[in-house]
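Good morning, and thank you for coming.

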Amino acid sequence: MNNKITIINRTDIQKPQIKIIARNDITDSISENTLENIRMHLLRRHSSFDINILPHEAKKYGVTLKELPSKLVTLSCSIKKPFVKNDYDYLYRSVRRLSCKIISTFFIIRLSYNIRYLTSYHQEEEIDTQLNKVFFERNAYSILRPERKVRFAYDYIVSMVEYDDEHTMYSAYDALINKKAVCEGCALLFYRFMAMFGIPCRIITGKGMSESHAWNIVKLGSFWYNIDVTWDLYKNSIQRGLGLYDYFLVGDDHFQDHIRVAYFESEDFKDQFPISKTDYR
């Protein structure tokens, strides 16, 4: 019997994001059950749980035993339809530190996960409650045009959230409930707004003015557009009404002060998420 321990840190916001993995790409029912099981643990914010996997299933993922725990978590964040509620990018970025004890025998592999999350299950419930309240009080569901839905979320975050200069508040909970967050918290909250509206959205990481940064892209029509709510809300805190839409639905030609990490510049990513060169009109 072999015991192995692996520690995976997930605190760097520049880490590449997952790509879409369609459900029909996972043909083995055992694999689907394994990934769905992990996904449900993540959604419920379980800090410790065990996963049993057959050796022949483990081999199909094409990674070493040490890499397997992280690989399964990544896949479990992408097996459902993306851009809904707290799944996909949002769920993936909620896992901040992952450790796993691996017990491997000839017959079974047991993965004993220990996970630290960005938010608790209770905090996620508070986010749901507050978002529903905001949408109800502001009659957001009556908004019909997609670009107006995007603007609604943008305006709300710019007007309600303060940038966290101390760099201690990273979550959508911090942005929505505590009204203060760094760029990651703002991007996560914007993602949740788009999920409420059913508008495809991704979280992008890289550099902004040479500093680690996170922002969003959203899909309107056939193309995706850049959204950096953080930079506009930061300007808003200095002087309200000062060019608050400089980074709203911007094409790549006018977004060159943002540098994406390599994965988001890959041909594979660009094929799946074609970003407009020009601003949305």
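This is a predicted model: local features need pLDDT of at least 70, side-chain atom pairs count only at pLDDT 80 or more; totals for chains, interfaces and linings use all residues.

His 167 belongs to the loop that runs between strand S5, residues 162–163, and helix H7, residues 172–176. Its phi is near 60 degrees, a positive value in a residue other than glycine. For those new to backbone angles, most residues other than glycine have a negative phi.

Asn 139 also has a positive phi, of about 55 degrees, although it is not a glycine. Where does Asn 139 have its place? It is in the loop between helix H5 (121–137) and helix H6 (146–160). With a relative accessible area of 48%, Asn 139 is partly exposed.

I turn now to Arg 96, a residue in strand S3, which spans residues 95–104. Is Arg 96 buried or exposed? Its relative accessible area is 8%, so it is buried, the limit being under 20%. What does the side chain of Arg 96 reach? It comes to 2.8 Å from the backbone oxygen of Arg 93.

Arg 151 lies over the face of Tyr 245, at 4.2 Å from the ring centre. Arg 192 is found over the face of Tyr 90, and here the distance to the ring centre is 5.0 Å.

Next, the aromatic rings themselves. How many aromatic pairs does a search of the whole structure find? The search finds 22. Consider the pair Tyr 263 and Phe 269: the ring centres are 5.6 Å apart and the planes stand at 65 degrees, so the pair is edge-to-face, a term used for angles over 60 degrees. Tyr 263 and Phe 269 are both buried. Elsewhere, one aromatic cluster is formed by Phe 135, Tyr 141, Phe 152, Tyr 156, Phe 193 and Phe 197.

Finally, the cysteines. A disulfide is a covalent bond between the sulfur atoms of two cysteines. The count of disulfides in this model comes to zero, where the rule asks for two cysteine sulfur atoms within 2.5 Å. Cys 100 has a relative accessibility of 2% and therefore counts as buried. Cys 201, at 1%, counts as buried too.

Key. Residues are numbered from 1 along each chain as its sequence is written. Side-chain values use heavy atoms; hydrogens and water are left out. Rings of Phe, Tyr and Trp (its six-membered ring) pair if their centres lie within 6.5 Å; planes under 30 degrees apart count as stacked, over 60 as edge-to-face and the rest as tilted. Buried means under 20% relative accessible area, exposed over 50%, partly exposed in between (1.4 Å probe, protein chains only). A charge sits over a ring if NZ of Lys or CZ of Arg is within 6 Å of the ring centre and within 35 degrees of the ring normal. Helices (H or I, at least four residues) and strands (E, at least two) are DSSP runs, numbered from the N terminus. A polar contact is a pair of N or O atoms within 3.5 Å; within protein, one must be able to donate a hydrogen and the other to accept it, and residues adjacent in sequence count only if both atoms are side-chain atoms.
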